[in-house]
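Dear colleague,

Please find below the structure that I was asked to pass on to you. My notes on what was found in it follow.

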Amino acid sequence: MLFNRSITTQFTIVFVVALLLVVGSFYLVLDSVYRNELKSQAETVADNVDAFGSWVSQYGRVWVRDDNKSYLGQVTLVSAPDAAGGPAAADVWHFYSKNPALAQREFSEVVEKSASPAKFRVTSHNFMNPVNKPDAFEAKALERIRAQHLAEYYEMSPDSFRFARTLYVKASCLPCHASAENAPADVKTRYGTERGFGFKEGEVAGIISVRLPVRSFWKVTTDVVGPLQIALLVSAFVVAVLFIQFTVVRPIKRVTSAAERISVGQQADLGAAGLKRTSRNEIHQLVLATERLRASLAMAMQRLTKKQNPPTPPNPPA
Ligand code: HEC
């Protein structure tokens, strides 16, 4: 059925099918490039969160002034009386300490409110601060990571890319996370003794969880494909159709009508005069072969007519 259609129709169908295949392969290539790109972005965010934690841990804790909302320990400094022994202008400073995880949480809260599209938090199956309770993805990631001993876990949903990097318990974590009894007093005072303890070295302590927005393929496509791109695609189609018309369809039509005229004994010019026998163009070869067919047909006809009306014999010698 399809093969009974004109070459132009068949070509149009082939063009559309080929186009769909090309678009499909582009989709697959772009999709995997995009996923890899998202993953490496998420890894970079996790690296930065980790580096920030390391910055805090190289001092054990960092101390800030006058922030009594979120802290672990507290000290108050009072200025010494002046040398003369007179009453000092009572200068009093309150300092509050932040451990790495607490500083990372505050960092994540600042980023959450910022314009940055990449968000993150540090969470655990056995969280010390209820604010750090894992969400559905994080709970699932923690479960998979702990059951299958994974170093990372990620998922792509229609609107976001979620990534989890495993944090392991090191010896340096044990003073606060091993047992509630031996934990620093300020930890117990602020976080209680119920959660965030009982960890052993080498175990999964929690995850750095990163969330990136995802743009759907159709969103990206409508962003990059505009009138100009469509015009170029249509031009490609028109160029290809014109080529098929001028190099295949029209020459074949010409040969066909010439062959029809020859078949009923009429004169026909195949246009073979200008063509080279050595041409590699298949249509030229078809025209030349048809021309040879026409010539031998004409010769055979001539011989046939000669036999039917034999020439008058030459006059007998006198
Ligand atoms: C100085 C005590 C201390 C040390 C040492 C410590 N942590 Fe914590 N950790 C805390 C406190 C306090 C929190 C809760 C912070 C908050 O309020 O968000 C916490 C929170 C966490 C969290 C987030 C989930 C939760 O429990 O709320 C993870 C994960 C974590 N710590 C892992 C570690 C790892 C891994 C180490 C060692 C590299 C470590 N901690 C060392 C005190 C400590």
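The protein chain of this predicted model has an average pLDDT of 91, where pLDDT is the predictor's confidence in each residue, from 0 to 100. A score of at least 70 is reached by 96% of the residues. Helices (H or I, at least four residues) and strands (E, at least two) are DSSP runs, numbered from the N terminus.

Residues are numbered from 1 along each chain as its sequence is written, and side-chain values use heavy atoms, without hydrogens and water. As this is a predicted model, local features need pLDDT of at least 70 and side-chain atom pairs count only at pLDDT 80 or more, while totals for chains, interfaces and linings use all residues.

There are 19 residues around the ligand, each with a heavy atom within 4 Å of it. Arg105, Met128, Cys173, Cys176 and His177 come nearest. The shell comprises eleven nonpolar, seven polar and one charged residue; Ala, Val, Leu, Ile, Met, Phe, Trp, Tyr, Cys and Pro count as nonpolar, Asp, Glu, Lys and Arg as charged, and the others, Gly among them, as polar. Helix α2 gives the largest share of this shell, three residues.

Which residue donates to the iron atom of the ligand? The single donor from the protein is His177, through NE2, 2.1 Å away; donors are N, O and S atoms within 2.8 Å of the metal (3.2 Å for Na, K and Ca), and sites may look incomplete because water is not among the atoms. Histidine 177 belongs to helix α4.

An oxygen atom of the ligand lies 2.5 Å from a backbone N or O atom of methionine 128. For asparagine 129, a polar side-chain atom is 2.7 Å from an oxygen atom of the ligand.

Yours sincerely

Key
Polar contact = N/O pair within 3.5 Å; in protein donor to acceptor, adjacent residues only side chain to side chain.
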